[in-house]
Amino acid sequence: MQLLYSYIMQKAGGVMNKIRASIKEFTHALLQINRTEAARILNRCYKSENDFCQLEQIIRESLDHIGTGWEKGIFSLAQVYMSGVICEQLVDSYLPQAAVGPKTAPKIAIGVLEDYHSLGKRIVSSVLRAAGYELLDFGSGLSPEKIVTKTIEHQVDLLLISTLMLPSALKVAEVKQKLQHAGEKIKIIVGGAPFRLDPQLGQRVGADAAGSTAFDAVSLIEKVYKT
């Protein structure tokens with residue numbers, strides 16, 4: 001039994017080391033604005049594991065590292081922007097396709113608050129559609145006023161908000177406040193780097209739930225919509 005346990009732990013450690021190495025490689029390619037190398041790394045990882053969740057982890061952690069580096073003054077805004085553009089260009093061919101019939105409830109909308117990177121939104125949308133959910137896409141670069149107006153106009157039950165930077169994440173509190181002032185009891189689920197780095201942030205800005213990965217969205221919707 002001890003030998004089996006040691007073998008399993010050794011295999012798990014090997015996988016984690018492999019993922020960490022891929023994240024380091026992928027981050028370097030993004031910082032060099034090298035789309036060809038970034039594509040090669042993703043393709044190699046996907047062919048090896050055939051696992052979209054692992055690709056999501058590599059992309060997510062690489063972009064988190066670059067975003068944190070920008071906040072500390074290590075990387076430029078151009079590197080942050082181009083890294084997101086490259087990832088958006090590459091990810092489409094790996095996104096899961098719809099596998100089940102559509103679910104009519106709840107009425108869901110998704111949008112990016114203030115930021116213009118739509119990668120996280122696109123991945124979440126694809127995962128939810130693969131799970132059978134239909135959802136409205138409000139787009140990117142939305143002000144709190146705009147996202148509230150669209151949410152009320154379309155009579156949404158659940159609002160999914162994606163953010164890239166902390167200042168944008170903090171604006172979720174403003175969205176929540178405006179919805180409450182309008183007499184709306186719409187549930188809000190948030191996601192993005194700021195909420196992964198600070199697990200308590202979602203609660204502080206008034207969200208009903210916060211996800212760490214795109215695949216969290218399905219279980220969070222089922223949980224929040226029932227409550």
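Modeller: H3 gives the most to the lining of the largest pocket, 5 residues. Helices here are DSSP runs of H or I with at least four residues, numbered from the N terminus. A pocket, on a 1 Å grid over the protein atoms alone, is an open set of points where a 1.4 Å probe fits, with protein on both sides within 12 Å along at least five of seven lines; lining residues have an atom within 4 Å of a point. This is a predicted model, so local features need pLDDT of at least 70 and side-chain atom pairs pLDDT 80 or more, while totals for linings use all residues. Residues are numbered from 1 along each chain, and side-chain values use heavy atoms, without hydrogens or water.

In total, 14 residues line the pocket, and Glu 71, Leu 166, Ala 193, Pro 194 and Leu 197 lie nearest its centre. Besides H3 (52-71), H9 (193-197) and H10 (201-204) each give two or more residues. The lining has 8 nonpolar, 2 polar and 4 charged residues; Ala, Val, Leu, Ile, Met, Phe, Trp, Tyr, Cys and Pro count as nonpolar, Asp, Glu, Lys and Arg as charged, and the others as polar.

H3 has a partner too: H2 (residues 35-49) meets H3 through Leu 42, Cys 45, Tyr 46 and Glu 49, which touch residues including Phe 52 and Leu 55 (contact means heavy atoms within 4.5 Å). That contact divides into 7 nonpolar, 1 polar and 1 charged residues.
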